[in-house]
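Please keep the sequence and the structure in view while reading.

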Amino acid sequence: YNHWYNYDGAWCAMFVSWNWYHAGLSNDLLVKYMSCSAGMTWCIEQGIFHYKEDYTPKSGDIVFFMSAGMSHTGIVVYCDGDYIYTVEGNRSNCVDVWRITCNNATITGYASPHYPEYDGTPADFSWITGKDENGEYYWRPSGNQSTQ
């Protein structure tokens, strides 16, 4: 992701931007960003940012974690009301799927880009809460959360 962005550094935001670019989505919907704070600021200025206390995330939202002087970002795959399931780059220096409680203190909020019209057919995300053939969950818990 650093090579694609032509910058060497923390790469969570570059991962989000790389996915955005390769999905063929316009930079008018979400700016290409390498800094979490710059990405979140742009989303606030565009009126697409929602603080976690006032919003229930949905698939395709961009999550921003901005706490204790740290910053991180990822893509919301699914929300079941108690947990968000995300795909993130550069958490533990890898790309992975994570399960995080919706009220996690590190979450600041979500950007909800104005995606092209959706046909209304819900996607099946039941797989994300299940286990692989080897008995391992598809997701990894974030922090000290229980995997139950």
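Which side chain does the side chain of His72 join in a polar contact?

## His72 and its partner

In this predicted model, the side chains of His72 and Glu88 are joined by a polar contact of 2.7 Å. His72 belongs to strand 3, which spans residues 70–79, and its relative accessible area is 12%, which is under the 20% limit, so His72 counts as buried.

Beyond the four places on either side of it in sequence, His72 is in contact with several residues, among them Cys12, Cys36, Phe64 and Glu88, as well as Gly89, Asn90 and Arg91.

## Strands 4 and 5

Strand 4, made up of residues 83–91, is mostly covered, with 7 of its 9 residues buried. It pairs with strand 5 (residues 94–101) in the antiparallel sense over 8 bridges, and within this pairing Glu88 has Asp96 of strand 5 as its bridge partner. The hairpin formed by the two strands has 2 residues between them, and Ser92 there takes a positive phi near 60°.

## Nonpolar cores

The largest nonpolar core has 16 residues, and Val16, Leu30, Tyr33, Cys43, Ile62, Phe64 and Ala111 are those with the most contacts inside it. At least two residues of this core come from each of helix 2 (12–22), helix 3 (36–45) and strand 2 (62–67). A second, separate core has 11 residues, including Tyr55, Ile84, Ile100 and Cys102.

Tyr33, leaving out residues up to four places away in sequence, touches residues including Val16, Ile62, Phe64 and Thr73.

Notes
Residues numbered from 1 in each chain as written. Predicted model: local features only at pLDDT ≥ 70, side-chain atom pairs only at ≥ 80, totals over all residues. Heavy atoms only, no water. Helix = DSSP H or I, 4+ residues; strand = E, 2+ residues; numbered from the N terminus. Buried < 20%, exposed > 50% of the residue type's maximum accessible area, 1.4 Å probe, protein only. Polar contact = N/O pair within 3.5 Å; in protein donor to acceptor, adjacent residues only side chain to side chain. Contact = heavy atoms within 4.5 Å. Core = buried A, V, L, I, M, F, W, Y, C linked by side-chain atoms within 4.5 Å. Pairing = 2+ DSSP bridges.
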